[in-house]
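Notebook open, chain on screen.

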Amino acid sequence: MILKNLKVRLAINRFKSRQEIESAKSTFIVTVEDGATILQALQYIYECLDPTLAFEYSCRYGRCGLCGVIVNERPVLACTAFIRTAEINIKPLANLPRVRDLVIDRTLLDAFLKEHGIYFAANAGEAAAASGSVNTSPDFKPVMVPGGLVKLSGCLECLCCHSACSSLDPGGDKLENFAGPYIFLKLAQLHLDPRDHVDRKDQARRFGIEKCLSCKGCYCPQGIPVYREAIQPLLS
Ligand code: SF4
Ligand code: SF4
Ligand code: FES
């Protein structure tokens with residue numbers, strides 16, 4: 001990979017294991033081409049300067065949601081974030097346990113979704129039993145997809161919104177007290193889906209959504225209006 005033109009100093013938070021409390025930083029000077037992305041800089045560092053640097057990605061064009069990191073205090077997708085300054089600080093996404101360097105652990109959120117039945121089940125009784133909130137018995141009518149659900153279906157599950165929410169527990173735990181924007185978005189997707197028959201508003205209330213009334217400040221690098229399209233329908 002050839003990178004040239006702009007000299008950039010990247011300070012990257014390093015963590016060797018999830019037990020490590022104190023973080024260290026590694027600093028790299030790289031020369032990048034105009035229009036280079038944060039992911040390209042990370043790949044260059046991995047290939048040419050430090051093969052121990054850990055970070056995640058797959059698609060490289062903003063589809064898989066795997067490359068979220070915090071760049072100069074803002075959660076972004078590394079593959080679509082262009083390098084625009086000569087001083088760049090990169091950290092792993094916040095409010096989630098860390099695995100190593102820029103890699104975060106998503107399993108806590110996946111386990112939470114599963115434990116509380118926050119998924120669409122062809123067998124409505126299964127998700128309802130897991131959620132503890134049954135609305136009505138299922139009926140089977142032709143399905144019209146609401147506009148709000150179409151907007152929410154653009155979610156890449158990158159967790160940048162989860163990282164940016166200041167009401168979450170920084171350690172990534174205690175989701176039962178306040179579940180955060182990603183979980184609320186998942187609940188809203190189901191709430192707006194005419195095939196779902198679980199009371200998702202009740203679940204959202206139990207997971208602290210009323211706290212959002214004094215904030216309304218969700219952030220999504222994909223431009224999904226999380227507060228308006230996901231949180232408000234659950235609060236109404
Ligand atoms: S709502 Fe936006 S920030 Fe949150 S997970 Fe989906 S795409 Fe990422
Ligand atoms: S409205 Fe504020 S508190 Fe609620 S999920 Fe969004 S960022 Fe977090
Ligand atoms: S690598 Fe897939 S979204 Fe960035």
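**Entry 1: overall.** I started with contact range: counting contacts between residues at least 6 apart in sequence, 64% join residues at least 24 apart. I keep in mind that this is a predicted model. I get 8 helices and 7 strands for the chain. Of its 236 residues, 47% count as buried.

**Entry 2: H2.** Which residues of helix H2 are buried? I looked through residues 107-115 and found Leu109, Phe112 and Leu113. Their directions span an arc of only 100° around the axis, so they sit on the same side of H2.

Next I asked what covers the buried residues of H2. The cover includes helix H5 (160-164) and H6. I also checked the backbone just past the end of H2, where Gly117 has a positive phi of about 65°.

**Entry 3: H2 on H6.** The axes of H2 and H6 are 11 Å apart and the angle is about 35°. The crossing of H2 and H6 is right-handed. On the H2 side the contact uses Leu109, Phe112 and Leu113, and on the H6 side Tyr182, Ile183 and Lys186. By class I count 5 nonpolar residues, no polar ones and 1 charged in the contact of H2 with H6. Leu109, Phe112 and Leu113 are also the residues I had noted as buried in H2.

**Entry 4: H6 on H8.** How do the axes of H6 and H8 cross? For H6 (residues 181-191) and H8 (residues 226-235) I get roughly 65°, with the axes coming within 9 Å. The roughly perpendicular class runs from 65 to 115 degrees, so H6 counts as roughly perpendicular to H8. The crossing of H6 and H8 is left-handed.

I listed who makes the contact. H6 supplies Pro181, Phe184, Leu185, Leu187, Ala188 and His191, while H8 supplies Val226, Ala230, Ile231, Pro233 and Leu234. The contact of H6 with H8 has 10 nonpolar residues, 1 polar and no charged ones.

**Entry 5: H8 itself.** How many residues of H8 are buried? I find 7 of 10, so I note H8 as mostly covered. The buried ones are Val226, Tyr227, Glu229, Ala230, Ile231, Pro233 and Leu234. They pack against helix H4 (147-152), H6 and H7.

**Entry 6: Val69.** I moved to strand E3 (residues 68-71), where Val69 sits. Is Val69 buried or exposed? Its relative accessibility is 3%, and the cut-off for buried is under 20%, so Val69 counts as buried. Leaving out residues up to four places away in sequence, I see Val69 touching Arg74, Pro75, Val76, Ala78, Ile90, Lys91, Leu93 and Leu102.

**Entry 7: Leu93.** Leu93 is placed in the loop between strand E5 (87-91) and strand E6 (98-100). With 1% relative accessibility, Leu93 counts as buried. Setting aside neighbours within four places in sequence, I find Leu93 in contact with Gly68, Val69, Ile70, Pro75, Ile104, Cys158, Leu159, Cys160 and Ser163. I also looked up Leu93 and His162, which are 69 residues apart along the chain, and their C-alpha atoms are separated by 8.4 Å.

Entry 8: Where does Asp101 sit? I place Asp101 in the loop between E6 and strand E7 (103-104). Phi of Asp101 is positive, near 45°. Asp101 has a relative accessible area of 3% and is buried. Lys216 has a positive phi too, near 60°. I find Lys216 in the loop between helix H7 (200-206) and H8.

Technical notes. Residues numbered from 1 in each chain as written. Chains lettered and ligands numbered in written order. Predicted model: local features only at pLDDT ≥ 70, side-chain atom pairs only at ≥ 80, totals over all residues. Heavy atoms only, no water. Axes fitted to C-alpha atoms, helices over the stretch in contact; angles between N-to-C directions. Helix = DSSP H or I, 4+ residues; strand = E, 2+ residues; numbered from the N terminus. Parallel < 35°, antiparallel > 145°, perpendicular 65-115°, else oblique. Left-handed = near helix turned anticlockwise from the far one by under 90°. Contact = heavy atoms within 4.5 Å. Nonpolar A, V, L, I, M, F, W, Y, C, P; charged D, E, K, R; others polar. Buried < 20%, exposed > 50% of the residue type's maximum accessible area, 1.4 Å probe, protein only. Arc of directions from axis to C-beta.
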